[in-house]
Every structure is written in C-alpha cells, then in structure tokens.
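Hi,

Here is the structure I promised to pass on. My notes follow below it.

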Amino acid sequence: MKIAILSDIHGNLSALENALKKAEDYAVEAYLLLGDLIDYGMRSNETVEKIRGLTKPIICNIYGNHESAIVNGDYSRFSSERGKVSAKYTRSVLSEETLQYLRDSMTCEGRYEFCLCEKKCLAVHGSLQDVYWKSVNPDGELCDYEKYDYVFSGHSHIPHYFEKYYKSEDEKKRFKKKTVFLNPGSVGQPRNHNSAAQFAILDSETEEIHFVKVEYDIEKEQSLYNGEIDDFYKNRLKEGV
C-alpha cells in the first residue's frame, strides 16, 4: 500500500490541493494525517472541507496542538502573543461544520497506535514527551519508542528520516530492534528554508519512502490575509521559515 503522509497544513488550501494532486502521481491508496489542519492560514474551513471530501481511506487523523487549543479554548501554551491572536481569530471564523469535524472525526489525543503490514506504528503530532507541543528530535530523548517499528510525527515543520537500533533479545536480528522515525515536513507552513508544500509517500510493502516537494501559488494564499493576524504568518510563506 502506498500512503501519503501529511502534516501541518495550517489552513493553506492551495498547498494542500497541489500536494494531493501530486500524491496521485504515486497512486496513493490511503492517507495518514498528523495534525494541524487549521490556523495560521486563511482557509481553515476550506482545508477541512477538502479533507472531508477525500475518497480514499484515512488511516489516522490526529489532533495537532492547534486543534487541541482551538477546540478546547485554551491558548496558554502558545509561545507568542501573535500565535494566540491567530488561534483566537481562527476560532472566530470556523464554521459549525468544521468544528463538528474536528470534534467528531479526528483523534483528540494527539497520538494513535495502529498496525501496518504487521508493523507496529505510532502516529503522534509532537512526541511522547508532549504529544502536542514538543517535537521528536533526532538528537533528543528516544527511549520510549522501542516497541514501535514506525514513528510518524509532525509539529516541527521540518522533515526528517532516521533509524534507531535498540537492544533486543532477537538473536536472528543480531539482538537489535529497528525503529524508523519519519516526519513528512509541513504542507502549508514549511520551516526548512524551502517554500514548497512538503509531504511524504511510504510504500508499506517495500518500505520505500519519498519526500515530496511541490510548488503552489504562494501569492494567492498571501493575498487572502486580511490584517486580522500578524503579517508574520503571511510573509514567512515565501521563505519557508
């Protein structure tokens, strides 16, 4: 099965549409969504509507920190005042249909365990240290992940792929247990100095992974900002920061 892994869309409909179109080139059969569909961008309702209209299975669709904060009305964890203002504005414009989708069709715990081709998988927006607000870091603490074969995470808006080998009792595997860590990057607000919409494709049979970058109409999305939130979120789209 080929799976499109998307995270941190952040209300950027143009980026999402081009990412989904590009995913079709890989003949994807399912989607894995790692949170933060909404906020920062001006089209959160339209983004959720697009996700609702997907016709292929969604393996998981977990809350990010923005869904958690906005649905629960708790903005205390945002590190800047502009972040709080943006989240409150987004909450003010969300339709009832969007709110119902966030409440009823997403996994509100910010993490989800599942099996994929007999592999044990964890999807988490942030990390096990803090499912919403702290990213998995290749140089950070990784001692709680050894039971998983794959760990899919988002939040940092920076793609990564790395493997960690834990000690095990499996003599056939030379007493090692492999865990693959994958962050697809951000569709709508990339921060790796590349402005393209970014996501990943996983072939669950061959374990082949593609990191995909696709251009979209940034100026169109920028033109929709209406002064209700800090221009920082509009301007950063050009630089991917």
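Two strands count as paired if DSSP finds at least two bridges between them. Helices (H or I, at least four residues) and strands (E, at least two) are DSSP runs, numbered from the N terminus. The model is predicted, with local features needing pLDDT of at least 70 and side-chain atom pairs pLDDT 80 or more, while totals for chains, interfaces and linings use all residues. Residues are numbered from 1 along each chain as its sequence is written, and side-chain values use heavy atoms, leaving out hydrogens and water.

β1 (residues 2-6) runs parallel to β2, joined by four bridges, and I3 sits opposite A30 of β2. Together with helix α1 (residues 13-24), β1 and β2 form a right-handed β-α-β unit (clockwise from the first strand over the helix to the second, with the strands pointing away from the viewer). β2 also pairs with β3 (residues 58-61), again in the parallel sense, over three bridges. There, L33 has N61 as its bridge partner. From β2 the chain crosses through helix α2 (residues 44-52) to β3, a right-handed crossover too.

Then there's an open sheet of five strands, ordered β4-β5-β6-β8-β7 with mixed pairing. β4 (111-116) and β7 (160-167) are at the edges with a single partner strand each, so one side of each has no neighbour in the sheet. Within this sheet, β5 (residues 119-124) and β6 (residues 150-153) are parallel over four bridges, with L122 opposite V151.

Cheers
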